[in-house]
Amino acid sequence: MAKSHKPVVWFPFAAGGTVIAFFIPVIVVLTFLAALGHIPAGLSYERMHALAGNGLGKLIIFGVVALSLWSSAHRLRCTCYDFGVRADTLVATVLYVVAIVGSLLSAMYLLQI
Amino acid sequence: MTQMKERLVQLEVLRYNPDTDTEAHFQRYEVTCYEEGVVLDALNKIKADIDPTLNFRWSCHMAVCGSCGMMINGEPKLSCHTFLREYEGVIRVEPLAHFPIERDLVTAPDDFMEKLKRVKPYIIPKEKKPISEGEYKQTPTQLMKFRQYSMCINCMLCYAACPEYGLDPQFIGPAALTMAHRYNQDSRDAGREERQEVVATHEGVWTCTFVGACSEVCPAHVDPASALQQMKITSSIDWIVEHLIPGGKK
């Protein structure tokens, strides 16, 4: 039996899972707070804009967005498989393309700042 | 002496006789058992008092031998470890899911046994040393690295719980892969590379989607899901070394 090439998609999935666990709950809470009009001073628009304008800041934001998208795409692929959707190649292609397009878009927007 | 309380138990048991039946069917039994009894006690009482033709496997009656696994109300459980008082109404008893039925509640474990062999579940030392050189010593820390995974009793509940094994019978499966991990983690062992030929394939750890049902049903608290995730990490690192690092071993 040949060894699998699954690590190509699994490693970014695992990294994304870690990123999601650390960042996404905080981002959800902060977004809710912002929606209710409570924006902590450290997270004001100007400071966030400056972060996205900085090279390292761009890289961090891109990492969080791209890895989270990839992780979610892969998780959804596995969920489809678990539910008995056997068209794995089709499901994987569609979901991974969505994740890649989303990542490219976030890179594009970040580079415009 | 105080009188032990009794309860009337209704069981719906899947019956199948390969000599006479074309398909399996349920049969209803009613027996009186001790309040503190387990499902296996009820089955034994049925066999002794009502229907001697009922077939099921069991041996130790203390959750050690791993032979009395069956589906109880749809969940894979050891029948010697499943108390009657936890159920109300009719208890449905079926053979372990995902395995071919041999007769009544007895399933054929051949597929699991064959897969267990393929992961080489034994110590493969770097070099054999003669007995005169003494034992292979291990520190408590080295022991703790694999001890939990060595507690598997081969009851196959994890295979009955795993949806992936149900969908893809080629999957090496939770218990066999966990055994591979148990020996990989053993300081006396040097056989990881050999086992990777099975572990790192599609049928190995990569069919697992981390549903986690194996760990939930494990009566020995082995946590196969954690063993498989750890092997995914080491297999991924192997892949990077083999494909992305110049001069990395092929």
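Reader: Which residues in helix 3 of chain A are buried?

Author: This is a predicted model, with an ipTM of 0.78 and a pTM of 0.89. The buried side of helix 3 of chain A packs against helix 1 and helix 4 (88-112) of that chain. The buried residues of helix 3 are A:Val65, A:Ala66, A:Leu67, A:Ser68, A:Leu69, A:Trp70, A:Ser71, A:Ala73, A:His74, A:Arg77 and A:Tyr81.

Reader: How many Å apart are the end C-alpha atoms of helix 3 of chain A, and what span should its 28 residues have?

Author: The expected span is 1.5 Å times one less than the number of residues. For the 28 residues of helix 3 of chain A this rule gives 40 Å, so the model agrees with it: the end C-alpha atoms are also apart by 40 Å.

Reader: What radius of gyration does chain A have, against that of a compact globule of 113 residues?

Author: Chain A reads α-α-α-α along its sequence, with four helices and zero strands. Its C-alpha trace spans about 55 × 30 × 20 Å along the principal axes, and buried residues make up 14% of the chain. A compact globule of 113 residues would be near 13 Å, whereas the radius of gyration of chain A is 17 Å.

Reader: What percentage of the 250 residues of chain B count as buried?

Author: Chain B has nine helices and seven strands, and its C-alpha atoms fill a box of roughly 70 × 45 × 30 Å along the principal axes. The average pLDDT of chain B is 95, and 98% of its residues score at least 70. Of the 250 residues in chain B, the buried share is 38%.

Reader: In which sense, parallel or antiparallel, does strand 1 of chain B pair with strand 5 of chain B?

Author: Strand 1 (residues 6-15) of chain B also pairs with strand 2 (residues 25-34), in the antiparallel sense and over ten bridges; there B:Val9 has B:Val31 as its bridge partner. Towards strand 5, B:Glu12 stands opposite B:Arg92. Strand 1 and strand 5 of chain B pair over three bridges, and the sense is parallel.

Reader: Why is B:Thr82 classed as buried?

Author: B:Thr82 is in the loop between strand 4 (75-78) and strand 5 (91-94) of chain B. Leaving out residues up to four places away in sequence, B:Thr82 touches B:Val38, B:Val39, B:Ile72 and B:Lys77. A residue is buried if 20 or more other C-beta atoms lie within 10 Å of its own. B:Thr82 is therefore buried, because the number of other C-beta atoms within 10 Å is 22.

Reader: How many Å apart in space are B:Thr82 and B:Val38?

Author: B:Val38 is one of the residues that B:Thr82 touches. In sequence the two are 44 residues apart, while from C-alpha to C-alpha the distance is 5.3 Å.

Notes
Residues numbered from 1 in each chain as written. Chains lettered and ligands numbered in written order. Predicted model: local features only at pLDDT ≥ 70, side-chain atom pairs only at ≥ 80, totals over all residues. pLDDT = per-residue confidence, 0-100. Helix = DSSP H or I, 4+ residues; strand = E, 2+ residues; numbered from the N terminus. Buried ≥ 20, exposed ≤ 12 C-beta atoms within 10 Å, placed from the backbone. Contact = placed C-beta atoms within 7 Å. Pairing = 2+ DSSP bridges. Rg over C-alpha atoms; globule rule 2.2 N^0.38 Å.
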